[in-house]
Amino acid sequence: MEPTATSSPEAAATQAAAQAPESFEVRRPTDGSVIRSVPVDGPAEVRATVERVRAAQKEWERIGVRGRTQWLHRWRDWLLDHREEIADVVQEETGKVRGDAMLESIYLEVAINYWTKEGPRFIADEHPKPTLLIGRAKRLRVRYRPYPVVGIISPWNFPLILSAGDAIPALTAGAAVVIKPSEYTPLELMEVVRGWREIGAPDVLAVVNGMAETGGALVDEVDYLCFTGSDRTGRAVMKRAADTLTPVSLELGGKDPAVVLRDADLDRAANAVAFGGFINTGQVCMSIERVYVEEPVYEEFLGKLTAKVRGLKQGQDGRGYGCDLGAITSPEQIEIIERHVEDARAKGARILTGGRRGEGPGDWYEPTVIADADHSMQVMVDETFGPVVGVMKVADEEEAVRMANDTRYGLSASVFASPERAERVAERLEAGAVNVNDALINYFFLEVPMGGWKDSGIGWRHGATGIRKFCRTESIVTPRFRTTKDEPLWYPYTARRRRLLGRIYRAVNARGLRNRLGI
Ligand code: NAD
């Protein structure tokens, strides 16, 4: 019998559940072979996991930040002891080179130290002073209390930094955390969460695995959702969160520019763009994807950048640190990369180096520099998320700033020029973070907020906001002196009392003696 268009939502849900896969395969991007199969957690498993950690969260909050710090420090020590093994898993499922893989657990170690040191200050009670004189009879207190369960949905490019990395401030704040990693790269997160259990820490950190259905179920169950991924999925997550009025933070995509002006140190600019464009094989939300170079230094900069990029070594280096670039982690991403390069080629851009898939099995794309690019080309407007940098010639600083800001994204940016000029240009760029005569470095300073403008996101990680976002504020207003049976503001509303109150407020709010007295 043909299915009818009017089947009930329950029937549709049952049918979807019946069709949902029970497991998915995690592959090595370097050759496409299967590492292992991972069971999918359906909505029922997600609910059970959230309820389990929710039950343990009360005690986690109760032990206070000092108690939580002790567990986080033990976890840091476990991470330090298992650095090499973790990096092995990272490399296997992402295709990263060793230098990029090691960044993952190093970031977690740094983050644990940062949040356990600074976090308590950021979420300590605040005691604002009442502005009004008559308010001085009250004591004001603001408390930061954690959302009981925080959900984290993460992408495949930095599977630990963007999952456990966000869990650390949430745990420090006293929340329990459930993470859904990308279906391409769940194994390293599963490994570090195994470490959490191995040290005997409370049951407040868990992983659920799967694809969109699992992610959606997590949105339904948690009290706060921290998402990192594409802006397309970010919109879907925010829509779903609207059903339960669950607050979200969204760390989304980018198309980050670099501006290179005529008074820049061109060697430094070329080296920085090579690093910022190709680190992690270009699979970084904040990687430099487009460069605007002032006309007098355009060819010279291109020569230096191309020479640097031609010297980069791509391959698998195991524990050896012998390569600069690895494979492309997601097989879907390599299609996008190829499309952008071919579009630029067809529209007349010059491919100075790279421009092809790598040979052999697995997903490889050569580090690619594209000259004479412009905004009619996808490579200058849409997120490529691969080892490709487009370079465009601009007449002057004005055009450079205009083109850099001509984007729907606004994650980060770089500017290369003399120090004063670079600082001035930085202030005009529309992005959540700007690196002056540097690339990507802002991410390593946990003291400053990191987040996107425009379609690059909502909310910030790092800095005070990076932990406060996992908390609800509770304001407590308490009498400072012995209380009376009544207050002037309370009932009844007699004319005499209201007139008296009116005079008091006039005297407080007005400026100038005559105004204060109402004469
Ligand atoms: P993605 O949006 O495809 O997936 C991200 C996560 O969302 C995955 O875990 C996925 O399984 C899950 N998901 C997919 N559909 C869902 C749904 N309907 N409901 C709930 N969850 C769902 O992103 P990706 O391809 O894994 O990662 C690449 C993207 O992430 C790029 O756009 C990149 O710029 C962005 N990114 C942003 C930052 C940042 O901090 N701003 C950092 C890294 C990556």
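**Burial, helix crossing and salt bridges**

Biologist: Does proline 169 count as buried or exposed, and at what relative accessibility?
Modeller: Buried means under 20% relative accessible area, exposed over 50% and partly exposed in between, with a 1.4 Å probe and protein chains only. Proline 169 counts as buried because its relative accessibility is 2%.

Biologist: Before we go on, what sort of model is this?
Modeller: Residues are numbered from 1 along each chain as its sequence is written, and side-chain values use heavy atoms, leaving out hydrogens and water. Local features need pLDDT of at least 70 and side-chain atom pairs count only at pLDDT 80 or more, while totals for chains, interfaces and linings use all residues, since this model is predicted.

Biologist: Back to proline 169: leaving aside its neighbours within four places in sequence, which residues is it in contact with?
Modeller: Proline 169 sits in helix α6, residues 164-173 (helices are DSSP runs of H or I, at least four residues, and strands are runs of E, at least two, numbered from the N terminus). Contact means heavy atoms within 4.5 Å. With the neighbours within four places set aside, the partners of proline 169 are Trp115, Gly466, Ile467 and Phe470.

Biologist: How does helix α3 lie relative to α4?
Modeller: Axes are lines fitted to C-alpha atoms, for helices over the stretch in contact, with angles from 0 to 180 degrees between N-to-C directions. Those of α3 (residues 64-81) and α4 (residues 83-94) come within 5 Å and cross at roughly 70°. Under 35 degrees counts as roughly parallel, over 145 as roughly antiparallel, 65 to 115 as roughly perpendicular and the rest as oblique. So α3, relative to α4, is roughly perpendicular.

Biologist: How far apart in sequence are the parts tied together by glutamate 61 and arginine 145?
Modeller: Their side chains meet in a salt bridge at 3.8 Å, N to O; the term needs a side-chain nitrogen of Lys or Arg within 4 Å of a carboxyl oxygen of Asp or Glu. Glutamate 61 is in helix α2 and arginine 145 in strand β3, so the pair ties together parts whose separation in sequence is 84 residues.

Biologist: And are lysine 255 and glutamate 289 buried or exposed?
Modeller: They form a salt bridge, with the closest N and O atoms 2.6 Å apart. Lysine 255 is in the loop between β8 and β9 and glutamate 289 in strand β10, so the pair joins parts 34 residues apart in sequence. Both lysine 255 and glutamate 289 are buried.

Biologist: How many salt bridges does the structure hold?
Modeller: One of them joins glutamate 397 and arginine 428, at 3.7 Å, N to O. Those two belong to a network of salt bridges that also includes Arg262 and Asp263. For the structure, the number of salt bridges is 49.
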